[in-house]
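Grab a pencil and open the 3D view. Below are a few exercises, each with a worked solution to check yourself against.

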Amino acid sequence: MKQVKTAPKVGMVSLGCPKALVDSERIMTQLRSEGYDFSPTHEGADVVIVNTCGFLDSAKEESLSAIGDALQGNGRVIVTGCMGAEPEQIEKVHPSVLAITGPQQYEDVVNAVHRAVPPVHDPYVDLVPDQGLRLTPRHYAYLKISEGCNNRCTFCIIPKLRGDLVSRPVHHVLFEAEKLALAGVKELLVISQDTSAYGIDIKYAESPWKGKRVRAKFYDMCEALGEMGVWVRLHYVYPYPHVDDVLPLMAAGKILPYLDIPFQHASPKVLKAMKRPGNVDKVLERVKKWREMVPELTLRSTFIVGFPGETEEDFEILLDFLREAQLDRVGAFKYEAVQGAPANDIDGAVPEEVKQDRYDRFMEVQQEISAARLQAKIGRTLKIIIDEVDGEGGADGRSMADAPEIDGKVYLRDVPADVQQGDIIDALVEDADEYDLYAVVVGK
Ligand code: SF4
């Protein structure tokens, strides 16, 4: 009888944004295919990988402390991710880590694991589920279409850490999407640093796909994804004119009527200092046009308040923009100086108490808008994707307007016993608060 050898165990700590989560998933998929197993605890692992985030100074601190915890709980630690691009900072605090690799250096991380704990090859147990291993629930998955970024927003160090835009060939993206859909994924979340810039670096290279040629272009990729019979949600889109092109796909129900566009500010002066596209009137015009084309459109955005040089007048422009644009979902950050970001050299640092005051006023205005937009949904029947059922007739899920983890939820009652995670049902909205909806199931 064949003796099955015990698989070496790897612990994985994944910090940071959904993009980092996809990196962790790829590393895990690779290790799993080589016969490694995973340990939910540091103590039970032979080695621990910490996938770090280096976006803000607070994230760096969190990363350093996660490395410290892993060293204490296990002692054998490999560091990867955004903070790995600045190894000195890690070595200074934690000189005993085994290896440090930068973002997307999957091969290097996997090689470091091989050195720390050699793989035990066993064809009887080395099985990779066809869709790879994912850390997200089964019914939704992040689809990363590119790495890096060609923009140079002054508050951001991602281009320094991750380099310029590198798009994946479109057939790779579509193949991965199809595999995920075949594996039961019902919702794909398209992510990258700048989704609308997809393909620019590879000159929109064509690839064969299902007997046709598809270009590595924002519209073409969305059109092909729209044929997969799953929800497709677009994140991190810049407000470029060619974004208009995908609105007809939304109107036709091919991709979700949802756009996550980080506007960051509305004052032309602040946007210029941020090195972001700055024509607010054009943006408002475009938002209006989009809503005419797709009345169901949900707009999510993020903003920074208290950017260096932001005056009360700039801030008022931002509040006016919010009132005018009537965005559905909004996140805000108080500006935080990031080591290495060009914005640190801009004069006019905003005092902390002013930042806080502006943040509070910003959130107050937006909360009223979001709440009113949710209230308007009461009495309507919406499609809801089920995230979790409680087995007692209750469940929570999300409408097409809600991305997982960052937007609100829909709490459901009268859920039939056969409804499962990932099902899409019809529900009548009965109530709403500032973030969430409450609904009763009316059909499957
Ligand atoms: S678009 Fe701007 S904020 Fe986003 S990753 Fe690129 S440089 Fe950073």
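**Exercise 1.** Find which unit strand 3, helix 2 and strand 4 make.

*Solution.* Start by locating the pieces: strand 3 covers residues 47-52, helix 2 covers residues 57-73, and strand 4 covers residues 77-81. (Helices, H or I with at least four residues, and strands, E with at least two, are DSSP runs numbered from the N terminus.) Together, the three make a right-handed β-α-β unit. Right-handed means that, with the strands pointing away from you, the path from the first strand over the helix to the second runs clockwise. Next, follow the chain on from strand 4 through helix 3 (residues 87-93) to strand 5: this β-α-β crossover is right-handed.

Before going on, note that this is a predicted model, where local features need pLDDT of at least 70 and side-chain atom pairs count only at pLDDT 80 or more, while totals for chains, interfaces and linings use all residues. Residues are numbered from 1 along each chain as its sequence is written, and side-chain values use heavy atoms, with hydrogens and water left out.

**Exercise 2.** Work out how strand 4 pairs with strand 3 and strand 5.

*Solution.* Two strands pair if DSSP finds at least two bridges between them. Strands 3 and 4 run parallel, joined by 5 bridges, and Thr 52 sits opposite Gly 81. On to strand 5 (residues 99-100): the pairing with strand 4 is parallel too, over 2 bridges. Here Ile 78 has Ala 99 as its bridge partner.

**Exercise 3.** Find what sets the phi of Lys 210 and Tyr 236 apart.

*Solution.* Most residues other than glycine have a negative phi. Lys 210 isn't a glycine, yet its phi is positive, about 55 degrees. Look for Lys 210 in the loop between strand 10 (206-209) and strand 11 (212-215); at 57% relative accessibility, this lysine counts as exposed. Tyr 236 also has a positive phi of about 55 degrees, and lies in the loop between strand 12 (231-234) and helix 8 (247-251).

Conventions. Buried < 20%, exposed > 50% of the residue type's maximum accessible area, 1.4 Å probe, protein only.
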